Every structure is written in C-alpha cells, then in structure tokens.
Amino acid sequence: MFDKLKAKLSKSHGDKNEAIAQDQEQAKAYHHPLHHAHDPVHASINVPLAADDMFLTTAMVTEDPLMDPRYQKTGMTQPPQAPDENGLIQGMEHLSVGDNQRQRDALLKGVNPVLSLKCGPLLRFIDIQERSRWLGSVMAVAIDAESDYSQRPTLKLSSGGEVAGEVIHTQFGASFWRWSLDIPLQQQEQTITYTINNSEPVEFVVPGANQDMRLMFHSCNGFSLSIDQTKFCGPDPLWRDVLREHKSKPFHVMLGGGDQIYCDLISKRCALFQQWLNMSVIEHKTAKPFTDDMRHELESFYFEHYCWWFRQGQFGRANRSIPMLNICDDHDIIDGFGSYPDHFMRSPVFSGLGNCAFKFYMLFQHQSPLSEPENANPAWCLGVQPGPYIREYARNVVCNFGPKTLFLGFDNRAERTKEKIVTDETYNKVFDRLHRQVVVGQTEHLIILLGVPIAYPRLVWLEELLTSKAMSPLKILGKTGVLPGMTQKFDEGIEILDDLNDHWTAKHHKKERNDFIHRLQDFAQKHSVRVSLLGGDVHLGSIGEFYSRESLNISRPRDHRYIANIISSAIVNAPPAEAVSNILSKRNKIHHLDDDCDEHQVPLFVHDVDGKKLNNPALLPRRNWCSIDVLPSGTTYETTPTAMSREEKIGCDASPLKVSINIEIDSTDREGRTKGYVYMVPSLDLVPHGGKISGQTFAAPQQIANPAAVPQQVHLAAPTVGTHSGLAPAIPTAQPLQNAP
C-alpha cells in the first residue's frame, strides 16, 4: 500500500510541469477571440438552462438554451441536465427549480401601469426617529423592456400620501426602483397597507410611539451545496412558522444575521471563475488578472441569484411584509471570504468576486447603491477606511427599535482579515456613535447583531491540529485526489480551516474578542444599559453568557458584566450531526475572561422537542429561528434557582427581554411547527430608568453581604409547553438547572 502511495505522490510531483502547462493554456482562454472588445460581454453560466431553471427569464434567454449566444460564445454545448423527480438538478439541491408558481408567489399582482417585476417588493426598516417617525423603504426590480414607464411608478400608503419611485441602479435590462417611506407614529400600533401602481395591497405593522419593536431574528437562510433539501422539505417550513406567528402577533422588524443567501453555487455556475478555481498552481492563480468578462459573469450570477432567492417561496412573502434589517456574512459572498491567507484574499480574481458580491448585497439587502453617502441614511455608521479586499466602507447600522432599545448591526465581514475582524479605528467610531445615541435613563437595552457567535465552545485545539506540520501529508493526499474533499480549491488549505478562522475564539482573534467584550461591559456600566448579542452561523441553537464570577455575589440584574449571546441558526440549512454538537458540548466548561468575569454555555435545552431528556442541554442541533420581545416595565417572572438565590418572582421598574429560540419539531413536516425555549434577559438596574440623568457613570455594585436575601434572574431553562402554530409561546414555570460544568 505504501509503495502505491509513494508512486502516486512521485507521479504528482513529476506532473508539475504538465500542470503548469495546463494553467498556461487555461490562461489563454481568458483572451479567447470570442471575448474580444468589439462584442458585448455575456455572462457564461456553467450549466445550460432547463425550461424551469431559476435563471430562465424572458429578458435574458431564448427558448432553446443551447441557441443562446452566451453558450455559443463560450463553447458550452453540453445538453441541459434534466431535473429529477423532485424538480431538482444534481449539485443544486437548494434550488427548487421545478416549481415555477412557488418562485413567483411573492410577486405583486395587478400592477397597472405595468411593472414587470423580476424581484420584490422588498421591505426595509431604517430607523425610528424622535419616537415619532418610522423610516424605511420598499424596493422592486423591474424588467425594463416589459414595463410601462410612461408614468413614474407610485407607491400609495393607507396612512396617507403617495411616494414617487426613484431608480437607484440599472443593469442587465432591469431597474431597481426604490420608494422611501416616512410614516408618522401614533400612540397605538398601526397596520400599514401599501400598493404599487394600483397593485394588490400588502400589509406591514409599525409600533406605537412608546412601544419597542417586536423582533424576529434568523440566519443561514439557504442550503449548502452538499445538502439534500428534500430531507428537510426545502427552505419553506420554518418561514411558514414565522408567518404564522407574524399573523398572530406581528413582528416589526426581521433581523438577518448573515447568510441571507447562499452564493457558493457561483463556483459551479460561472465558467470563467471555475476555470480559475481549477488552476493547480497557486502562484498562477493569485497572479491572474480580473477581466471584464469575469466581472460581467460574476455580476450576472449575483443579480440573477438574488432576484430568484429573494422572491421565492415563504421567504419572498416575508420580505414584502416584515421590514428587513441585515448584516453580511461569508455565504452572502462565498464560503469563508475574509478568512483565507492574505496573499490569496488579495488576488485580483478573489478580491474582485468580493467586490461584485458586496455591490449586490448593498442593492438587495440595504436597497442602496455603493455610492450612497453616510449622511443619506441616519442609521449608517460607516467604517473609517475601505476594507483590504472589499474596497468599500463597512456598512454598520445604528438605529432605535423604540424608546428603550438601541441596535447595532455590526459589519464583521467588509474589514475582516485572517488576523483582524474590525479595525481599531472603526471600533472607536462605532462606540463613539453608541455613546452619543444612548438616552440616559431611558435606553435600557443595546442589542448587537454579529454574524458569528462570540460566546461559543473553544475549538483552538482543532485549529492548532489543522495548522500543524502533521497535516502536511494529508494536504498532499487531498491535492492528489487520494483523499478528496480534504482541501478546498481556493488556497489549498484544509477544508474546514476557514470556518475555524471565522470564529471570535480563533487564536488570531482572541485578544480582539476579549477587548471587545471588556469595552461592551464598560459601556454597560457607564450607561446602566444591558448589552445582549445575537449570533448565527453555527447551525444550532444555544445561549452563551458572560457574567461576574460567582465569588463576587452580584445578581444578574445588577451585573454590568452579564452579557448574553443568543445563537439562532439555521432557519433553512441543515443542522450538524449530533456527534458534532456532542464534541462541542464536551468543550463547554467555565472559561475565565479575566479575574472577575466567567463565561459558559447555558444548559437551556434540558429536554428535546419530544420531551426526552437531552445529554447535551447547551447545544441543540435543530433548525430554528428566534423571536425577541421587550416586556413592559414591572413585568414579574420566575427565576431559576442557583447556588446564590432561591427561586422567586422578580418584578422591577425596568423591562426585561423575553427571548424564544423556536426549534423545529420534525424536519419532514412541511408546516415547520416549532417548540419555543424561553430565556429571560433582565435589564441592568444600576439606576432607576425613566428619569432624566445626564453625564453620569454608574458605579459597579459592591459585593453582596447576604446573597441569599437578593433575588437573582439568570434564565428560564424549561422549554415552552406549546408549539408555534399561530400562538405565541407562554412563559413556563422554571425548572431547576444544574450548574454548568
């Protein structure tokens, strides 16, 4: 066996000159006469289009895909691949290409004068200003040749007034129409109806002037290429659950924590990019120029992929009726973007791909062109300098969710490198903005949306193993095909290493992570504001906590170090195997952030969705989504008993957060019914809220002499009894919890 392996490895080294020659031949393809300057540049989609393919639109292809000039020019003449019995094409399992009605279900009907909608309407939230005005926008993409522009498209609101549309971008024979909304708030919650060119009406809900918004949070909204989506009834089930809940008790905003769209298919769809990926000599790959043909090909993919994904199915229905507010993560670009070695990230082709992706992320997810200045949107808090690979400013969002809740959508992708997630200058700018925007004595919560969880089991041991010299033979085996899948095609590193490098707990990011947490704790102490973090990415439900060490005897409502990291992922993608979550669970122990602060994962999931006791109560590998309510001041709720306090009811002047992680009960249930696991986040009560106090820093509480006499809220560990079938989950009676290992 070893002789065969040695011969195979020797052959691979002997073939290096042949590989170089092949790369040189591939390089010539970029300057093929069929792509000369006098011809229009056409996108070369790698798989010819079947009649029900997602890329099939009347504006772009002919009836016979092989007669399309794009394929004639790129020499692609393979016959179309027929969908299987489930309407799926192999390697495209996350695309339900067989169901045309489902793909168009969310498009507006009855638009007159005609707008031939390719995508939309998409509804976006921007900010609540001065407790009196709701700011947002609606956007739709219309096919120019099939639309009537004799009159400027108009949006009408049931609350009064008409808004004329503006074109923010035109490309591929389509225009991006945006309607800016400024809605006066009333004392009570309002249902607003809008129409576009006399279309069917669409409803959404805005809060009352003194009401904090009800939040829906999701992440990982798509399937990885390797997943058979039929095992999960496709992408719709949990979105059905969201819409049922929305109908019963409306959400005011829909937070996308990253990966709202999976763009990894770009490596299969785009011929020129695929040629570049297949180059076997890394030096040639990183030196290859980024051509106009490649840019057009990639932009065509992102445009078509966004139009299809954001209009399809139940997600498309949610997009038009629940205002979105999103941040970016890697799959919105391509898997692992930002976490590969610097020399590869700076390569013209890979950096060029990132810039193409960011352009369409801004257009579809923020309804803004790249040229939009910071002062055009009151919620923008841009990075200080353009990113190193995406040559654009990070688009952080700071806005109000009501009188008590401040929000930060923190862009952790635009400035990301393998060594640094956010630059020091941008950290300073963002924190300066947060300090200025707090209304002391009124703001009770700061909710921060991150793409990747920050309180999560450590995987440094695996990172060190995969980067050690011991892995070198396996890398060679992966490159030669003996161990397929061991290395990825980007920089020939170990396949999962980019995922590990993405984590805040990676060794490269550890100091930055700890400094960030300390800065948040200082912010909480200064303003008496509870800081809570939202994270996705990891395809399971969990909650991590930072808190003052038990020896300090500080109750949670008085603990400025207490920060909960609510982890909800994925709403569509497949969860990891239970064996993986069990390995992570074994890494769940109490870690020491510093001498005064500990962290761990909360054993929230004592019982599974079927009532059986779980061996791993801290990490639940099921598809899920999250709802968050700011409860009224003075709400009474039950605590979980700990070593420091007895179980009792808590009531205070401040307003706690009620968090429900809604776990899928049965992945074969098309209705997507879920079971809610409730967790309570107390406000930080260093000072009574409701008064007008300015310029004051609140002292941290002193050690408690008699901790048994002080009630403490940590979390409600028991899952709710009911499921999401149009009814909001009730807060259960708390059950005892074991202390975290």
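Predicted model: local features only at pLDDT ≥ 70, side-chain atom pairs only at ≥ 80, totals over all residues.
Residues are numbered from 1 along each chain as its sequence is written. Local features need pLDDT of at least 70, side-chain atom pairs count only at pLDDT 80 or more, totals for chains, interfaces and linings use all residues, and side-chain values use heavy atoms, with hydrogens and water left out.

Start with confidence. pLDDT is the predictor's confidence in each residue, from 0 to 100. The protein averages 77, and 69% of the residues score at least 70. Residues 26-99 stay under 50. The model still gives them 154 contacts (heavy atoms within 4.5 Å) beyond four places in sequence. Residues 460-488 are also below 50. That stretch has 50 contacts beyond near neighbours in sequence.

Now the fold. The protein has 18 helices and 26 strands. These are DSSP runs, numbered from the N terminus: helices are H or I with at least four residues, strands are E with at least two. Of the 741 residues, 62% are buried. Buried means under 20% relative accessible area, exposed over 50%, partly exposed in between (1.4 Å probe, protein chains only). Take the contacts between residues at least 6 apart in sequence: 75% of them join residues at least 24 apart.

Finally, zoom in on L238. This residue lies in helix α5, which spans residues 237-248. L238 counts as buried because its relative accessibility is 0%. Beyond its neighbours within four places in sequence, L238 touches I571, R623, N624, W625, E664, G672 and T674. F315 is 77 residues from L238 in sequence, yet their C-alpha atoms are 9.4 Å apart in space.
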